[in-house]
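Subject: Structure handed over, with notes

Hello,

Please find the structure below, with my notes after it. Keep it open while you read.

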Amino acid sequence: MMTSTTPRLESARWYVVLVLGLVYAVNIADRYVVATVLEPIRKEFGLSDSGVAWLTGVSLAFFYIFVGLPIARYADRANRRNIVAGAMILWSAATALLGLTQNYLQFLLARIAVGIGEAGGTPPSTSIIADNFPRGRRAYALTIYALGLPLGAWMGSSLAGAIVEHFHSWRAAFIALGVPGVIFGLLILLTVREPVRGRFELVTEDSAPAASFVETCRFLWTQRSAWHINAAGTVICLWGWGLLFWTQTYFERAYGLSTAEAGGRLGTIYFWAGTVATIATSAILALPQMQDPKWIARLLAVIVAASTIPSFLIYWTHSLTVATAMLWIVVPAIYLYVGPTMALLLNFMPAPMRAQGMAISLLTANVANLIIAPTVVGWISDMLTGPLGGNAASLRYALLALSLTGFWAAYHYWTSVRSYAVDDLRVRTFGMDAAPIPAEA
């Protein structure tokens, strides 16, 4: 095992991060564009809040979940590069097809195809990055990868809103964001190499025992650190991404903004606040003391807890200026957790289980983000519409209730540190009787 890296190897590593970060950006953009045009879709198809939540969120999540697990199982054995490329081509083509749909059923089927494709994106991508960087550098690398999140959010909000305004059609946004992804999927096949699995662990690709889904679930359950990390990430998705799913619609209803106006306002915040927060996080994670995962978990706990109060104020206030200011505070917390949480989880999962472990994490996160948050908020909003005399007020109170769940996520981050030492040893010796720890490149 090499103890140092050549400039060429280092460049190759970061090229992989760049390309997969762009994959992540396209993934997020194709998902965000639905939130941007949620209100026009609801009005055209004559849906309630819970009905449009089912069409745009739940339909994707169900198939994302059921297909994601077998894909991740396959990714822990097969060529992950090919899986990522094929998945991206599928979900991008399906996104473009959304722009050609003319009725509820067509939209539903295309949305299901998007979910199936997106299921093959993040788990194998993060597994590839984990095998390109040693343990101490993964949090930093995955935080750079997570820059795809604010970039994709901007594309799916500001860019999509501008496209809708220019073409006077919500369908144009789907076509414009879907077609380039098909081309980009081919680029991945031609330029990204599959790394050796488990190259920085005691267990390598040749010696790693095959792990079933049941074994992965059992290991994740007994790894209390990983369990709490996954729980924290899941609740953050319920809290942060659940709020953002509805914020565009809320701004349009409460403040009379157009799709382009709301998308431009939110997209600017998503891009700049998210990018600055992610870069700042990567700089912090590069500090020597941040090689200790306990520091990372505690930092995330403090940030999320502190951001929960302004997340409540976004929907409590009746001032667009105050709501916008609070979003500038909250959005960074919703973005910066991604890379560090992925790294923490992957560090506490053995190499033969990483893609499946990430798929389980995404399963619970997407249940929270795309099933529970949209449908429960939509259901509460529908229930309160009559008593409150309007769907702007009803949506406001539903979002106020959801905003307080940020404290729950902070609790799990803080609690996760209790068993780090024991759980780390279990990962390092997984599948081996005894072996020296290889030097990190």
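Q248 touches A35, T36, T259, A262, G263 and L266, leaving out residues up to four places away in sequence; contact here means heavy atoms within 4.5 Å. Before going further: this is a predicted model, in which local features need pLDDT of at least 70 and side-chain atom pairs count only at pLDDT 80 or more, while totals for chains, interfaces and linings use all residues. Residues are numbered from 1 along each chain as its sequence is written, and side-chain values use heavy atoms, with hydrogens and water left out.

Q248 sits in helix α11. Helices (H or I, at least four residues) and strands (E, at least two) are DSSP runs, numbered from the N terminus. Q248 counts as buried because its relative accessible area is 3%; buried means under 20% relative accessible area, exposed over 50%, and partly exposed in between, with a 1.4 Å probe and protein chains only. One of the contacts of Q248, G263, is 15 residues away in sequence, and the two are 6.7 Å apart in space, C-alpha to C-alpha.

E252 is also found in α11, which covers residues 224-255. What does E252 touch, not counting residues up to four places away in sequence? The list is T36, E39, L257, S258, T259 and A262. E252 is buried yet has no salt bridge, and K43, the nearest side chain of opposite charge, is 5.9 Å away. For charge, Lys and Arg count as positive and Asp and Glu as negative, while His and the chain ends are not counted. A salt bridge is a side-chain nitrogen of Lys or Arg within 4 Å of a carboxyl oxygen of Asp or Glu.

**Salt bridges**

How many salt bridges does the structure hold? There are seven. Side chains of opposite charge can pair when their charged atoms come close.

The side chains of R253 and E39 meet in one of them, at 3.4 Å from N to O. R253 lies in helix α11 and E39 in helix α2 (residues 38-45), so this pair ties together parts that are 214 residues apart in sequence. R253 and E39 are both buried. E39, R42, D49 and R253 are linked in a network of salt bridges.

R80 forms a salt bridge with E194, and their closest N and O atoms are 2.8 Å apart. R80 belongs to helix α4 (residues 80-98) and E194 to the loop between α9 (170-191) and α10 (213-222), so parts that are 114 residues apart in sequence are tied together. R80 or E194: which is buried and which is partly exposed? R80 counts as buried because its relative accessibility is 0%, and E194 counts as partly exposed because its relative accessible area is 25%.

R13 and E10 form a salt bridge as well, at 3.3 Å from N to O. Both lie in helix α1 (residues 7-36), three residues apart, which is about one turn of the helix. R13 is buried, with a relative accessible area of 0%, and E10 is buried with 18%.

**Core and surface**

The largest nonpolar core has 143 residues. A nonpolar core is a set of buried Ala, Val, Leu, Ile, Met, Phe, Trp, Tyr and Cys residues joined through side-chain atoms within 4.5 Å. The residues with the most contacts inside this core are I41, F174, I188, W241, W246, F251 and Y335. Helix α11 gives the most to this core, with 15 residues. I188 touches V19, V23, R81, V84, A85 and M88, again without residues up to four places away in sequence.

Helix α6 (residues 122-130) is mostly covered, with nine of its nine residues buried.

On the surface, W54, F62, F63, F66 and Y104 form a nonpolar patch with about 500 Å² of accessible area together. Patches are made of residues with over 30% relative accessible area and no salt bridge; like charges are joined within 9 Å, and nonpolar side chains (Val, Leu, Ile, Met, Phe, Trp, Tyr) within 5 Å. Accessible areas come from the Shrake-Rupley method with a 1.4 Å probe, and for residues only the protein chains shown count as cover. Helix α3 (residues 49-75) gives the most to the patch, with four residues. F66 lies in α3 and is exposed, with a relative accessible area of 60%.

Regards
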